[in-house]
Amino acid sequence: MIDYSKKLNSKAAALKPSGIRRFFDISEQMENVISLGVGEPDFQTPWHIRSAGIESLENGKTRYTANRGMEPLRKEIVAYMKRRFNLTYSPNEALVTVGGSEAIDLAVRALVEQGDEVLIPQPSFVCYEPIVALAGGTSVIIELKSDNDFVLTPEQLEEKITDKTKVLVLPYPCNPTGGIMRKEDLEKIAPVIIKHDLMVISDEIYAELTYSGERHISIAEIDGMWERTVIVSGFSKTYSMTGWRLGYALAPDPITALMTKIHQFAIMSAPTTSQYAAIEALKNGDDDIKKMVDEYDTRRRLVVDGFNKIGLTCFEPLGAFYVFPCIKSTGLTSEEFCEKLLYSKKVAMVPGTAFGDCGEGFVRVSYCYSVEHLKEALNRTGEFIKELKGSE
Amino acid sequence: MNKKLLKLLEKNARYTTTDLATMLGITEDEVRAQIEEMKKEGLIRGFKTVVDWERLDSAYVSALIELNVTPLPDSGFEEAAKKIMKYDEVETVYLMSGGYDLCVIVKGKTFQEVAMFVGKVLAPMKGVISTATHFVLRRYKELDIVLCGDEGDDRGNFWL
């Protein structure tokens, strides 16, 4: 018999499994569960984009592309970044990846080595810590505060910097909080980053999904930051293309070149069909973005208002497609809350603690659902809260 | 005029005033006033339900009829169109560019009934030169609403 525990990579084996796996399993077993858990758009990929993918298949475009992605696609990415976010890159500074996730992985692998510390503000997306661990780095968590709308402040940043700190992950607009960083917030942290000579991995996958007149500003636009920033983004959330698995990274040439080298050995090239579809998305998809953002915005208002009426206070999220209501008034932990809600009302939400210890006291609610679905879930949650209070 | 309100109502006329107010970030009174105003202005012409009659046993037949009409010196096709639209059997009347003049959608209980309406009412009408009747065999999508099957939510429970 082989003792597999001795064969497996100890770093990988030591990774904490995702805390929400359990909920996933429970809700899978139950019938008529109404979920607010899913982190992907409910819209289909717009037809003209799907059609471009189909056409590429019909034309026999079924082979590898250049490692770093097709030249026409990289040109469109760069034009798009200029048009919509006022950022200047050359096509050689763009790398097409398998989803934003691969871009994050590559950025970390290209920048982080044994002994380096990586600053990760939380609550945030779950993949940063494991990827840093696999690269041999050490994650240092910065706990964001709800009374500050989950914005990263220069004081919080400064406090965690040591002489080993190399990289800051900047996850805005933020999954799960819906928080954003405005230009003035970025201008406050930039001097700290520059003073300590840090690099930034800016996860901007939700950049297009901002509301109430806010436009996402990339930290790369702040003076002195372009040269220290790796932007990771993708097509999943912007164009409802999660299943196409296509993302990209933008960074100064020496970083992109190294990321491309790793990508070339690990992946070869991103899916060809998806690259053709993505060209169409970037060329003719601006209207689709507007349509989806308008739709998300009406749902966002409905859900924020719904939670506040139920008595679960909810700061107004200005980005992504999540709200992050506070459930401390119930006296339950996030996990208890989600479990009870699931069992008694068959409504599934994700405990805030899945996104870091400081997510305790919150739950993540996705509004990637129809208005009817959201209203039903809000009704059931309202009943749940009433019953909780009644039983006190 | 509130374009966002119109778009929401176009999508679902049954949203409550409360929900509309929340979704648009305005008060309920404003929602009510704006809807009334837009009705008065003729921007909002009515509220209907899209029914998939084929799911019931009840017979439902509709046909698209192409009409060629002799235009009148002053009013063109106006007179014929306005006369045709008065019939209860007529659901839709459009003036068209291209190969024919008026597009008329007629509904009835049986093919026979629709055919009779075309033969006895539309064809003999003054000014009508010719008719071509196309029966609808299956409705897949109507007024933005999909009538065939249910696409459902096939997202895996992918939670992160």
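In this report a residue is called buried when under 20% of its relative accessible area remains, exposed when over 50%, and partly exposed in between (1.4 Å probe, protein chains only). By that rule B:D19, at 9% relative accessibility, counts as buried.

## Ground rules

This is a predicted model, in which local features need pLDDT of at least 70 and side-chain atom pairs count only at pLDDT 80 or more, while totals for chains, interfaces and linings use all residues. Residues are numbered from 1 along each chain as its sequence is written, chains are lettered from A and ligands numbered from 1 in the order in which they are written, and side-chain values use heavy atoms, with hydrogens and water left out.

## Where the two chains meet

Let's stay with B:D19 for a moment. Its side chain forms a salt bridge with that of A:K375, at 2.3 Å from N to O; a salt bridge here is a side-chain nitrogen of Lys or Arg within 4 Å of a carboxyl oxygen of Asp or Glu. B:D19 sits in helix 2 (residues 17-24) of chain B and A:K375 in helix 14 (residues 371-390) of chain A, so this pair joins two chains. Helices (H or I, at least four residues) and strands (E, at least two) are DSSP runs, numbered from the N terminus.

The rule finds two salt bridges across the interface of chain A and chain B. A:E295 and B:K11 also meet through their side chains in a salt bridge, at 2.8 Å from N to O. Chain A brings 35 residues to the contact and chain B brings 20 residues, where contact means heavy atoms within 4.5 Å. About 2100 Å² is buried between the two chains, and carbon and sulfur atoms give 56% of it. Buried area is the accessible area (1.4 Å probe) that two parts lose on being put together, summed over both.

## How the chains divide

Chain A splits into domain 1 (4-45 + 288-390) and domain 2 (47-284), with bounds that come from an automatic or database domain assignment. The C-alpha centres of these two domains of chain A lie 24 Å apart. In chain A, 36 residues of domain 1 are in contact with 44 residues of domain 2. The area buried between these domains of chain A is about 3200 Å², with 63% from carbon and sulfur atoms. On the domain 1 side of chain A, A:T45, A:I289 and A:L318 lose the most area to domain 2, together 24% of what that side buries. The count of salt bridges between domain 1 and domain 2 of chain A is zero.

For chain B, the assignment gives domain 1 (3-40) and domain 2 (53-139). The C-alpha centres of those domains of chain B lie 34 Å apart.

## Nonpolar cores

A nonpolar core is a set of buried Ala, Val, Leu, Ile, Met, Phe, Trp, Tyr and Cys residues joined through side-chain atoms within 4.5 Å. The largest has 72 residues, and A:L73, A:F235, A:F337 and A:M349 touch the most other members. Helix 12 (residues 286-310) of chain A gives the most to this core, with eight residues. Both domains of chain A take part, each supplying at least three residues. A second, separate core of 29 residues includes A:L119, A:L152, A:L186 and A:M225.

Leaving aside neighbours within four places in sequence, the contacts of A:L73 include A:V96, A:F235, A:L246 and A:I279.

Rings of Phe, Tyr and Trp (its six-membered ring) pair if their centres lie within 6.5 Å; planes under 30 degrees apart count as stacked, over 60 as edge-to-face and the rest as tilted. The count is 18 aromatic pairs over all chains. One of them, A:Y206 with A:Y322, is edge-to-face, at 5.8 Å centre to centre and 75 degrees between the planes. A:Y206 lies in the loop between strand 6 (199-203) and strand 7 (229-234) of chain A and A:Y322 in strand 9 (residues 322-323) of chain A, so the pair ties together parts 116 residues apart in sequence. Both tyrosines, A:Y206 and A:Y322, are buried.

Over all chains there are 30 salt bridges. Among them, A:R84 pairs with A:E208, their closest N and O atoms being 2.6 Å apart. This pair links helix 5 (residues 71-85) of chain A to the loop between strand 6 and strand 7 of chain A, 124 residues apart. A:E208 is buried, at 2% relative accessibility. A:R83, A:R84, A:E208, A:R215 and A:D286 are linked in a network of salt bridges.
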